[in-house]
Amino acid sequence: MSENILFPPLGHPAALARETVGSKAAALSALAAAGFPVPPGFVVTGTALEAGVSQGVTGGLQAAAAAAGPGPYAVRSSAAAEDLPGASFAGMYESYLNVDAASLPGAVERCFESARADRVRAYEASIRTVAGEGPDTYDGAAAGAWAGMAVLVQQMVDPVAAGVALTANPLTGDRSETVISAVPGLAEGLVSGVETGEEWVVREGRPALARGAAGVLSEESATAVAATAAQVARHFGRPQDIEWALDKAGKVQVLQARPMTALPDPVSWNPPGRGTWLRNFRLGEWLPEPVTPLFMDWVIPRIDAAYNQAVFASAGISVPMGHGLVNGWYYVAPPSPRALPHLLFGGEPRSLPYFFNSVVRPMFDPAGADRTVLRGLEDEWRTQCLPSYRALVESSRGVVGTAALPELMDIVERVAQKAGEYLWFFAATGGAAWKMEMVLARFWRRNIAGATASRAAPGALEATGYQTLLGGLAPALPASVPHAVYSLDWYHRTAGEQPDPHPAPTPQTLSINAPQHVPAPPAAERRRAAEASCRAALKRTRQLRRFDTLLSAAQHYALLREEQARDFTLGWPLLRQCATEIGIRLRDGGIIADPADIYFLTFDALRLDAPPQHEEVARRRKEWARQRKLSAPLQLGKMPPVVGNMFDRIANSARSTRDVPTGALVGHPASPGRAEGRVRVVDGPEGFSRFLPGEILVAKATAPAWTPLFAVAAAVVTDGGNLAAHASLVAREYGIPAVVGTGNATELLRTGQLVTVDGSAGTVEVGSLSDQRGSHA
């Protein structure tokens, strides 16, 4: 039998037969034959082993090694059953690196012996079971135990970096993205899971660092790895999981290629209906991640129905507004222009003037809207809605522990109804804040920032912008309350259920990566100085009275919105208590395994005679966990031109400059000022204790329970939100810069990265202020 058959070199026709040389060697041999950069090597087949390699007949082995090139060598398994679409056998067999020529026979034999390991047998049995093939009857001790098993021997690569490249996003299934993990030197720790490595995402030839400190790969080398990986995927006609190494000459070497297993179908973000769908509008602003099933199936519909009832009670008209889930994320459809005739003429006789004064008039005459409708709504909220909400929570709290299942469900229904009613007052009055802010911004731009030389406003005012006038309004800085939430979804604990989320920093908690935060001048002091400067600029003009009127209304409703936001979730601790008690009763009835499983039920399973829900709960929990890792767009569908331009105008009215630095992340300028610091990406309350004074808070969105972090943050950046969002208003109160509505800051920025946040321009730049000044010199 020829040596070419016993020890076929990579690229030789004999090294292409998977059943003889194994999947790993066959794939690399096919790539070598096609001209891909594969380190030279050969295969030791099972036939060669049976011919006596393990008996000391090493001549053919040594000759094959010499033909492959000088050592040292890498010795790895190559089984016919591994690296398949349904069974990777990753990590099942042994590998030996830096093997010299004299040690090759022993390393090859040990690699063959690893086929008998218990873990290999157990994995193979699990694959057979999943495939429905019945019990495994393979006898590893019998003759032919090495059938389909081979060993791959290649020249060792001495890499400057190595890692794994996935030619489709394993989370979203997106075939247009290549996800690269890289570590310095050899990638054994990365492949085994000991190291996490630096991570890059390359899309359409554009690399973006997603994790790590940017030192292993450059943009050029990440692009080269992705290009090679894409060529391999095209060669095999399906997405690939590729091990690669970057040699000292900067050339990418392919060390392994196998089909990606369990790749989900590509995630699509199609709107759930006609029109525009927004992720951070109304309730969506409070839901910065996918919604758990029972909250969406039970609580949200009750809130929504009560909201609509409250609108009709006040305005005598129903406002059409749809909501839906896309990949688990909550989206809402604001009324479209097609709904305008219904809003104007479809209600009671009082509806049209009410609609005009509450919805339209705040956008050009805040004082008139306040006088005719909004102040009365605020009074109704203070004297009726909020007290009745508090009374319901207080009266129900003591009976939860002993209540029967129907009583518990009734409490949830009534709390959700009160929250929906509250939401109407919150939306109508506190929601007017952004409209009044738009009017103030327009006035600022026309009469103060654009003042003539004879009555020019001080340059400092032009730099900080009108938002300085809306900061430091509260008598005291916002305090956290026990019912404050991190997310509106009742799956998440409230602030009162958490340990101290942000203990006072000590010298030991400070580091060079997070310099001690030096607070900005008090926001209230800056606001009063700005007010005085504005009045001085408008002195003896007809615009001074208009300024004072606008300022009074805008400040009042900005403060009101944050006050209303604080107590919107007054009933959430009670809701969670009810959910726990319902879960206990369903667990005792054998319907679920754990009380916390209730969040992954649907409403129709909330009965003691329901069938067991264990499999459905496990499936939904797994799907929800996957959806939490997705990046959801802020908008689905096309925004109507009038509405779209309005949102653009609001953000641009606040922007201190339209000149966006190259490469900067752009969002809404939510709170003025500039600050630099190290990024801290915070996903939720579990990350609060790691936040250090002087860091830049980067989050998907913030809610009232996040407020303690604002006291020590240098600046705030969020994916979602607008100029009236929680992050915007609280950042102004604390006098720190904020940029909101960036869309994907949590993806593009990484913890430890030095950035400069310009809350006046609405930009985030990588690097420090001093670096930027030097580059602009």
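Ala-224 is partly exposed, because its relative accessibility is 29% (buried means under 20% relative accessible area, exposed over 50%, and partly exposed in between, with a 1.4 Å probe and protein chains only). Ala-224 belongs to helix H9, residues 219–236. Helices (H or I, at least four residues) and strands (E, at least two) are DSSP runs, numbered from the N terminus. Gly-250 is 26 residues from Ala-224 along the chain, and the C-alpha atoms of Ala-224 and Gly-250 are 9.3 Å apart.

A word on what you are looking at: this is a predicted model, in which local features need pLDDT of at least 70 and side-chain atom pairs count only at pLDDT 80 or more, while totals for chains, interfaces and linings use all residues. Residues are numbered from 1 along each chain as its sequence is written, and side-chain values use heavy atoms, with hydrogens and water left out.

Let us turn to a sheet. Four strands form an open sheet in the order E1-E4-E2-E3, with antiparallel pairing; two strands count as paired if DSSP finds at least two bridges between them. In general, strands of a sheet pair through backbone hydrogen bonds, either parallel or antiparallel. At the edges of this sheet are E1 (41–44) and E3 (95–99), each of which pairs on one side only. On average, neighbouring strands here are turned by 25° against each other, direction ignored. Strand E2 (residues 73–79) runs antiparallel to E3, and three bridges join them. Within this part of the sheet, Val-75 stands opposite Tyr-96 in E3.

Two helices pack on the sheet. Helix H3 (residues 23–33) touches E1, E2 and strand E4 (149–155), and its direction makes about 115° with that of E2. Helix H6 (residues 104–113) touches E1, E2, E3 and E4, with its direction at about 140° to that of E4. For these angles, axes are lines fitted to C-alpha atoms, for helices over the stretch in contact, and angles run from 0 to 180 degrees between N-to-C directions. Touching, or contact, means heavy atoms within 4.5 Å.

Gly-71 and Pro-72 are joined by a cis peptide bond, with omega about 5°. Pro-72 sits in the loop between helix H5 (59–68) and E2. Arg-282 has a positive phi, near 55°, in a residue other than glycine. You will find Arg-282 in the loop between strand E11 (277–278) and helix H10 (293–315), and its relative accessible area of 21% makes it partly exposed. For Asn-327, phi is likewise positive and near 55°. Asn-327 lies in the loop between strand E12 (322–326) and strand E13 (329–333), and is partly exposed at 22% relative accessibility.

Ser-351 is buried, because its relative accessibility is 1%. This serine is in helix H12, residues 351–360. Leaving aside residues up to four places away in sequence, Ser-351 touches Ala-315, Gly-316 and Ile-317.

Finally, look at a helix pair. Helix H13 (residues 366–397) packs with helix H19 (residues 572–588) at an angle of about 35°, and their axes are 10 Å apart. On the H13 side, the contact is made by Tyr-389, Val-393, Ser-396 and Arg-397, and on the H19 side by Trp-572, Leu-574 and Gln-577. These contact residues divide into four nonpolar, two polar and one charged; here Ala, Val, Leu, Ile, Met, Phe, Trp, Tyr, Cys and Pro count as nonpolar, Asp, Glu, Lys and Arg as charged, and the others, Gly among them, as polar.
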